[in-house]
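Hi,

Here is the structure I said I would pass on.

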Amino acid sequence: MARPRRKSLLGSDIRGDTSAPAVSTMGTTCSQRAASKSRRQVLSKDRRSSRSGTRTFFTWYREVSYRNTWLNPLVVLLLVVAGYAINPTPENPLHAAIYLSYPQAPDPTSMWPNATQYGKGWKDVTFVFFYTFFFSFTREFLMQRVLRPLAHRCGITRKAKMARFMEQTYTATYFAAFIPFGLYVMYNTEVWYFRTVGFYERYPHHTHTADFKAYYLLQAAYWTQQAIVLLLQLEKPRKDFHELVLHHVVTLSLIASSYRYHFTYMGIAVFVTHDISDFFLATSKTLNYLDHPLIGPYFGLFIVVWIYTRHYINLGIIISITREFKTVGPFILDWERGYFKCKLAQFISGTLLGSIQALNLFWLWFILRIAKRFIMSSEAVDERSEDEGDGDEDEDSSVHSDETTPKIQVTPATTGIAQNGAAEKEL
């Protein structure tokens, strides 16, 4: 039996860059719900002709994929894997989607002189594109099949809060895996624990070890998936929607430019600092939705981590652009040799990181306001909560429901649809 809910200790939500929705938590329109009802009515009828059976299959698939948002990404992944399995060699064009491309001989001057190095090229875009679908599948599947039942088990019944709980718990899970991955990769470079001189002293970094390149491209895939879903958001945007869009645009610009112009050592430091703070942000939100008694001290810990990683360390990175960018390592623009460490690159790097810092300061202001209200009144309320529909909502209007979709029944004589009770459910 679900436990009774009480009012959240920190208000409805905490601002930050982990608020991008998933497809399964996006609102559905009246026309989408009407189309779903119409499909279920069609599926409840017995179609006996072969033509009608084909038509019914596509109607059934549309309804299944509407209610199971992880299905379409899974189909794409399976098609790519099946295509590669036909000829599982590097000559297969689909090899670049699943595995890293451009292997090269080890670099004897690197920290790992015997490790295979990997270069960069357009095939890396294929890798990012494939794993964007992978993260789409894992996010939607975990939300619908694992996190939604967990939310019910924890007594969360309101659909808006359930959606945000699912989003933040998945985000926390992702960063729980990628924080140690990123720290491991950083530990094996010259920039361990944010040694800023290492960004520039062996520039340009044309090649990387397999773990470094995989980490960088998988992060690119994750943020690409987040940005796509955020830009496709159909329901009323949250109050800081425009800040979230700007954050994702700047983040993807930083990832693409740092990878293309060989500033990846700087990029990995930025990744690690934001991943750590995002983990504490997401877990703070999750504890807040659960009304956990430790939310107060944990929220205080989150503020300390946020200020240290997003401001203290990242301001050090920005300062290094003004002091060390020009004086450490080559400072030249040479397109043929792949040297892009010049005044233009210095300006662009400082501008993009400065934009991220400005957004972080914007969010810190609201975080500190929540903390002040919590200390002063023992219950803080975020201004955004009024705009996010924290009240009860229709199941189909906020979160894709788990309602059973009618199944196709195939017999030797006919291809049709089983007339069962599940097909007659109403919205």
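Cysteines to begin with: the structure holds 0 disulfides, a disulfide being a pair of cysteine sulfur atoms within 2.5 Å. Cys 154 counts as buried because its relative accessibility is 19%, where buried means under 20% relative accessible area (1.4 Å probe, protein chains only). Cys 342 is buried too, at 12%.

Keep in mind that this is a predicted model, so local features need pLDDT of at least 70 and side-chain atom pairs count only at 80 or more, while totals for chains, interfaces and linings use all residues. Residues are numbered from 1 along each chain as its sequence is written, and side-chain values use heavy atoms, with hydrogens and water left out.

On confidence, the protein chain averages a pLDDT (the predictor's confidence in each residue, from 0 to 100) of 82, and 74% of the residues score at least 70.

Now the largest pocket. A pocket here is an open set of points on a 1 Å grid over the protein atoms alone, where a 1.4 Å probe fits, with protein on both sides within 12 Å along at least five of seven lines; lining residues have an atom within 4 Å of a point. The largest one is lined by 20 residues, and Gly 121, Val 125, Ala 256, Tyr 259 and Arg 260 lie nearest its centre. The lining divides into 11 nonpolar, 6 polar (Gly among the polar ones) and 3 charged (Asp, Glu, Lys and Arg) residues.

Cheers

Key. Buried < 20%, exposed > 50% of the residue type's maximum accessible area, 1.4 Å probe, protein only.
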